[in-house]
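Please read these notes with the structure open beside you. They go point by point.

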Amino acid sequence: MLFILFLLSGCAAPPITKPQVIKIKGSDTMFNLTQLLAEEYMKSNPNISIYVEGGGSTEGIKSLIQGQIDISTASRLPSGNETKLLADYYGSIGMFYLIAKDGITIYLNHKNKIKDITHQNLQKIFAGQITNWLQLGGDNFPIIPVTRPPNSGTFLYLKEHILEGNEFTSSAVVKYTTKGVIEEVSDNTYAIGYGGVGFSNNNDIFRASIDGIAPTEENVRNDTYPLTRYLHFFTAQTPAGAVKDFIDWVLSPAGQIIIKKAGFVPLWEISF
């Protein structure tokens, strides 16, 4: 009996290691990028499962404050109230990491004659003060502004940097994802929208220049392009274990190459 038990114990299967889970949620601009980063990282770390959700920067930060996720992705810094809530809940204002640069691109339909828009006219378009392309030297057709909802970090960035705190026109078409904005602009010759530079390689839309400056990688990297910003990872506390390892990898050359391949601008110049 003892001999049989010894044999059985020797043949027993090794214990199954439960995979570690990292939960990430937030910026729609960063959704595809974060998915690509997660997929590439998991190839070399099969014991780690990373789940990525969108929903907007505001929703991501809210989920982080409530302890539902490990990393919040955001295309903006947290507001004063969000920072206070983090401090109240965790006794810390959290940690934030710059992982890439982005240029908010103005999307136009390829058939639109307008290829360059001044900062001032962009403000008037989204405020509803310029309503016809003829006013800008284009065709005599109404302008159809396309915007994102208020939980979008990109929405808030444009409201601060283009509208200078004023409201978007009530006639704007609201799309809940950047993909939806691109589809609206590509389907309508006289629509105008906006989104991250990583989406701008879509052949269905044209990337307009602002004040004669195109949203190229070089112009975004050196801050010449006027709508340049950083993309962030936030954690509630100093990360450790798998979360720290993943963030360190994203900031490494291997992770920055994925960022460049995704159409965003890495933190330093990278070739591959």
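1. Helices and strands here are DSSP runs, numbered from the N terminus: a helix (H or I) has at least four residues and a strand (E) at least two. Histidine 232 belongs to strand S12, which covers residues 228-235. The model is predicted, so local features need pLDDT of at least 70 and side-chain atom pairs count only at pLDDT 80 or more, while totals for chains, interfaces and linings use all residues. Residues are numbered from 1 along each chain as its sequence is written, and side-chain values use heavy atoms, with hydrogens and water left out.

2. Is histidine 232 buried or exposed? Its relative accessibility is 5%, so histidine 232 counts as buried. Buried means under 20% relative accessible area, exposed over 50%, and partly exposed in between (1.4 Å probe, protein chains only).

3. Which residues is histidine 232 in contact with, leaving aside its neighbours within four places in sequence? Contact means heavy atoms within 4.5 Å. Among them are Met30, Ser72, Arg76, Phe96 and Tyr97.

4. The buried residues of H3 are Ser57, Gly60, Ile61, Ser63, Leu64 and Ile65. After H3 comes glycine 67, with a positive phi near 75 degrees.

5. Next, the sheet. Five strands make an open sheet with mixed pairing, in the order S8-S7-S9-S5-S10. Strand S8 (173-174) and S10 are the edge strands, each pairing on one side only. Two strands pair if DSSP finds at least two bridges between them. Strand S7 (residues 144-147) and strand S9 (residues 191-195) pair in the parallel sense over two bridges. Within this sheet, proline 145 stands opposite isoleucine 192 in S9.

6. Two helices deserve a look here. Helix H5 (residues 119-127) packs on the sheet and touches strand S5 (105-108), S7 and S9, and its direction makes about 110 degrees with that of S9. Helix H7 (residues 178-187) lies across S5, S7, S8 and S9, at about 155 degrees to S9. Axes are lines fitted to C-alpha atoms, for helices over the stretch in contact, and angles run from 0 to 180 degrees between N-to-C directions.

7. Arginine 207 sits in strand S10 (residues 206-207). With a relative accessible area of 36%, arginine 207 is partly exposed.
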